[in-house]
Amino acid sequence: MSRRTGFFFDERCFWHAAGSHSLVLPVGGWLQPPSGSGHAESAESKRRLKCLMDVSGLSDQLLLSSAPMASETDLLRVHPEHYLQRFKAMSDAGHGDLGEEACVGPGTFEIARQSAGLAIAAVDSVLQGQVDNAYALSRPPGHHCLADRAMGFCYLANIAIAVEAAKARHGVERVAVLDWDVHHGNGTQSIFYTRDDVLTLSIHQDGCFPVGYGGSEDIGEGPGRGFNLNLPLYPGSGDDAYRYAMDKIIVPALEKYCPDLIVVACGFDANGVDPLARMLLHSESFRAMTASVREAAERLCSGRLVMVHEGGYAEAYVPFCGHAVIEELVGKRTKVVDPFLPMLEGQQPGAAFLAFQRAAIDRMAIHLPR
Ligand code: ZN
């Protein structure tokens, strides 16, 4: 069955540049300057996703739109004024590091507001019934950003900003945020850690980034106790581990919580060729996970599902993973065949690892939310 799917993007988001880097480190010393910007978080993986959608005809099946930048009111629901002022001053100066692995370039402040604005508009369009579900091609990403500190290429907490806007504008009571970016969704976790009106779920590579965060013992505090769930998976986990975690933990957690809206922090860096992580997913894994969360949304909240783009640094492969996710959202297949799929299917871990990882996931079920 086909659905009305909104796709929110803006060329401005592709123009963010954090300065000359080698992968994630500023050049200098023994690090030779690269030929391009060299930063792992480049526009290419996102732009190529949109290009593939245009060439395949998938874009023609979607409601394509840009959106206004996030307003000051929208930002202030999540970020303190002093942080926003410091960010804007650094962006106007054209360079600086706003936190940890969060280098700012010319105009980064406005581009980050544009990125958050896409997430807000995607949520708005679903809550207003203009579309059944939506995808925001946000860049820069947001899920590592704390209320008052930029981290991991994230300067504004896009999803938290969109969730707070949804609560303020539409009176949404219960929101579930599922983060399947390969890195821990530490920013979203910290912003909602003491609250029970937002369930935060993060499935990630254990100990990847940020180091020292994201353990399954972090379950929330105060009224938020039981409303944060972390699923750290072993490096080398692939299709089976993620599907098993969705079936055994994520979907049951969503069913227990019964949200009014589900937002996915949709990173693609758990794919098998990402330079910043060590997992083994492929396009069919992302398609299956999308189907799983879409079906949960249909059972629990009239299908209200929004995906917001996060990480994913393999320029060659993110387009195929993203294309599969968006095909699944809209319920239509194009003629696109993932040319990397046979290679990655052949590299999945063996039976001993699968049993070991499944047992670890089973042990985490004790942390299911109340
Ligand atoms: Zn990531």
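User: Which residues coordinate the zinc ion, and at what distances?
Analyst: The structure is a predicted model, in which local features need pLDDT of at least 70 and side-chain atom pairs count only at pLDDT 80 or more, while totals for chains, interfaces and linings use all residues. Residues are numbered from 1 along each chain as its sequence is written, and side-chain values use heavy atoms, with hydrogens and water left out. Donors are N, O and S atoms within 2.8 Å of the metal (3.2 Å for Na, K and Ca), and water is not among the atoms, so sites may look incomplete. The zinc ion is coordinated by Asp-181 (OD), Asp-181 (OD), His-183 (ND1) and Asp-269 (OD), at 2.0 to 2.7 Å.

User: What arrangement do the four donor atoms around the zinc ion make?
Analyst: Four donors count as tetrahedral if all angles lie between 85 and 135 degrees; four count as square planar and six as octahedral if opposite donors are over 155 degrees apart and all others between 65 and 115, and anything else is irregular. Around the zinc ion, the four donor atoms subtend angles of 53 to 155°, so the arrangement is irregular.

User: How many residues apart in sequence are the parts that Asp-181 and Asp-269 tie together?
Analyst: Along the chain, the zinc donors follow the spacing D-x1-H-x85-D. Helices (H or I, at least four residues) and strands (E, at least two) are DSSP runs, numbered from the N terminus. Asp-181 lies in the loop between S10 and H6, and Asp-269 in the loop between S13 and H8, so the pair ties together parts whose separation in sequence is 88 residues.

User: Is Asp-181 buried or exposed?
Analyst: Buried means under 20% relative accessible area, exposed over 50%, and partly exposed in between (1.4 Å probe, protein chains only). Asp-269 is buried, and Asp-181 is likewise buried.

User: What is the order of the strands in the open sheet?
Analyst: Two strands pair if DSSP finds at least two bridges between them. The edge strands are S4 (63–65) and S12 (228–233), each of which pairs on one side only. The open sheet has eight strands with parallel pairing, in the order S4-S1-S8-S14-S13-S10-S11-S12.

User: Which residue in S4 is the bridge partner of Phe-7?
Analyst: Strand S1 (residues 5–8) has both faces covered, with Thr-5 and Phe-7 buried on one side and Gly-6 and Phe-8 on the other. S1 runs parallel to S8 over four bridges, and three bridges join S1 to S4. The bridge partner of Phe-7 in S4 is Leu-64.

User: How many residues of S10 are buried?
Analyst: Both faces of S10 are covered: Val-175, Val-177 and Asp-179 lie on one side, and Ala-176 and Leu-178 on the other. Of its five residues, the number buried is five.

User: Which residue in S13 is the bridge partner of Asp-179?
Analyst: S10 pairs in the parallel sense with S11 (residues 198–205) over five bridges, and the bridge partner of Asp-179 in S11 is Ser-202. S10 also pairs with S13 in the parallel sense, over five bridges. In S13, the bridge partner of Asp-179 is Ala-265.

User: What angle does the direction of helix H8 make with that of S14?
Analyst: Axes are lines fitted to C-alpha atoms, for helices over the stretch in contact, and angles run from 0 to 180 degrees between N-to-C directions. Contact means heavy atoms within 4.5 Å. Helix H8 (residues 283–300) packs on the sheet and touches S10, S13 and S14. The angle between the directions of H8 and S14 is about 145°.

User: What is the relative accessible area of Gln-205?
Analyst: Gln-205 is found in strand S11. Not counting residues up to four places away in sequence, Gln-205 touches Val-182, Leu-233, Pro-235, Ala-277, Arg-278 and Met-279. Gln-205 is buried because its relative accessible area is 7%.

User: Which residue does a cis peptide bond join to Phe-209?
Analyst: Most residues other than glycine have a negative phi, and most peptide bonds are trans. In the loop between S11 and S12, another, with omega about -10°, joins Phe-209 to Pro-210.

User: Is Ser-302 buried or exposed?
Analyst: Ser-302 lies in the loop between H8 and S14, and its phi is positive, near 55°. The relative accessible area of Ser-302 is 63%, so this residue is exposed.
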